[in-house]
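These are my notebook entries on a single structure. I set down what I looked up, entry by entry.

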Amino acid sequence: MRTQVGIVGAGPAGLFLAELLRREGIESVILEARDREYVQQRVRAGVLEQGTVDCMARLGLDGRLRREGLVHEGFEILYEGVRHRIDMRALCGRAITVYGQQKVVEDLIDHRLSIGAPLLFEAADVALHGLDTDAPSITFTHEGRAQELRCDFVAGCDGFHGISRRSIPDGVLTTYERVYPYAWLGILAHAAPSNDELIYARTERGLALHSMRSPEISRLYLQVAPDEDLEAWPDERIWAELRARLQTADGDFTLNEGEIFEKGITPMRSFVAEPMRYGRLFLAGDAAHIVPPTGAKGLNVAVSDVQNLSEALAEYYGSGSTAGLDGYSERCLRRVWRVQHFSWFMTQMLHRPADQDPFEERLQRSQLDYVTSSHAAAVSLAENYAGLPRD
Ligand code: APR
Ligand code: PHB
């Protein structure tokens, strides 16, 4: 088999990249280790920045997004029992759209398969070769047959645990990492959202987050210990804890409850590998960087990476210029680090460490007072949350 760009991984990064390239007349083959069901069922965050929505619109894949996406012009921060609204529209002129990552992935997969473009699920033993030559290749096993995909470039879109980053020789990458002493216990429940907008609650008991997927489905999170056992959280304990953390001093909040149909624990980590390129291998999305979920940036930064990569590849195939490819890593990393800082900032502002140092507790409170009272600080929060431009 031969193609122009071999893409490893059918998460948001790989799927968006393939479609962006196709629109430029560039062929690609996507190799995905898991089966279609698994990829489509995986529950992730659900907040799309305007840039991500615009990208789906440009690709003409925003039909369901326009019908089912919930446009939010603000979000709330609750602390010391008081709710504060951050009016993104007024502060920075932008909004976010609540639309589950699962739906984004499903829309992209349905489209790719409907046009008969190559997307191979259950590709086993994927291995990369000749990355430092002009003729890289990918070997894998599919339906019991060993195969080879020869290509001009390889896009490593296989997430944090994929093989692409690990195929780069030792000593090439510099990595930066922070593992947080928290995890998020997340649920999906058949319960109407209890508020029109998201609420990030910072409490003595730890963070709680009220989010949603649709007018009938709530998405709710609780800060828990990183080694928390899901078995220790029967439904009633989850609801009691959410009620306790989301309650307000004047009682103006009532949590809607319903059947919990999905429950999981997500560890929290910040990670960046630099540069995002080795020879003809380009890393994008979680393969190169991870953010903690506070701020919901993971999908959005993956989409900005692959927009940069598709532009660079279009330039290469159009004019032979490698300028875009040579600048890819630096261009991405500028935005990656902004998003890293913002996700870290939100994480440290809203979580409660197990043994909180009183000095840090005061700093946290001062930070919360500042972003909810200063116009300048609120603008900064709003523009980062709604999403900064790609460059
Ligand atoms: N071979 C082929 N595919 C692989 C391999 C491999 N060796 N290893 C992993 N994959 C696949 C995974 O099964 C997954 O479907 O690569 C895909 C990577 O997808 P994501 O993990 O979703 O990563 P990415 O596309 O970069 O998306 C980033 O999605 O992961 C969330 O929170 C993250 O929102 C962020 C966004
Ligand atoms: C979600 O709806 O899943 C979500 C929302 C906001 C976040 C993280 C996750 O910061």
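I looked up Glu143 and found it in the loop between β10 (137-142) and β11 (145-150). Helices (H or I, at least four residues) and strands (E, at least two) are DSSP runs, numbered from the N terminus. I work on a predicted model, in which local features need pLDDT of at least 70, side-chain atom pairs count only at pLDDT 80 or more, and totals for chains, interfaces and linings use all residues. Residues are numbered from 1 along each chain as its sequence is written, chains are lettered from A and ligands numbered from 1 in the order in which they are written, and side-chain values use heavy atoms, with hydrogens and water left out.

**Charge on the surface**

I recorded Glu143 as exposed, because its relative accessible area is 72%. Buried means under 20% relative accessible area, exposed over 50%, and partly exposed in between (1.4 Å probe, protein chains only). Accessible areas come from the Shrake-Rupley method with a 1.4 Å probe; for residues, only the protein chains shown count as cover.

Which residues gather with Glu143 in a patch of negative charge? I noted Asp35, Glu37 and Glu122. Patches are made of residues with over 30% relative accessible area and no salt bridge; like charges are joined within 9 Å, and nonpolar side chains (Val, Leu, Ile, Met, Phe, Trp, Tyr) within 5 Å. A salt bridge is a side-chain nitrogen of Lys or Arg within 4 Å of a carboxyl oxygen of Asp or Glu.

**Backbone entries**

With a relative accessible area of 51%, Glu122 is exposed.

Is Ala296 buried or exposed? I found Ala296 buried, at a relative accessible area of 10%. Ala296 sits in the loop between β20 (289-290) and α8 (298-319), and its phi is positive, about 55°, although it is not a glycine.

I also noted a cis peptide bond from Glu274 to Pro275, with omega near -10°. Pro275 belongs to the loop between β17 (259-274) and β18 (277-278).

**The sheet of eight strands**

I traced an open sheet with mixed pairing, in the order β6-β5-β14-β15-β16-β13-β17-β20. Since β6 (82-87) and β20 each have a single partner strand, they stand at the edges, and one side of each is left without a neighbour in the sheet. Two strands pair if DSSP finds at least two bridges between them.

I then followed β16 (residues 217-224), which pairs with β15 (residues 208-214) in the antiparallel sense over six bridges. A hairpin of two residues joins β15 to β16. Ser214 has Ile217 as its bridge partner, and His210 has Leu220.

Why do I describe β16 as largely enclosed by the rest of the structure? Eight of the eight residues of β16 are buried. Ile217, Arg219, Tyr221 and Gln223 point one way, whereas Ser218, Leu220, Leu222 and Val224 point the other way. In a regular strand the side chains alternate between the two faces of the sheet.

**The sheet of three strands**

I found a further open sheet in the order β3-β7-β4, with antiparallel pairing. Its edge strands are β3 (47-48) and β4 (70-72), each pairing on one side only. Between β3 and β7 (residues 96-98) I recorded two bridges, and Val47 has Val98 as its bridge partner in β7.

Terms used: Lys and Arg count as positive and Asp and Glu as negative; His and the chain ends are not counted. The place of a charge is taken as NZ of Lys, CZ of Arg, CG of Asp or CD of Glu.
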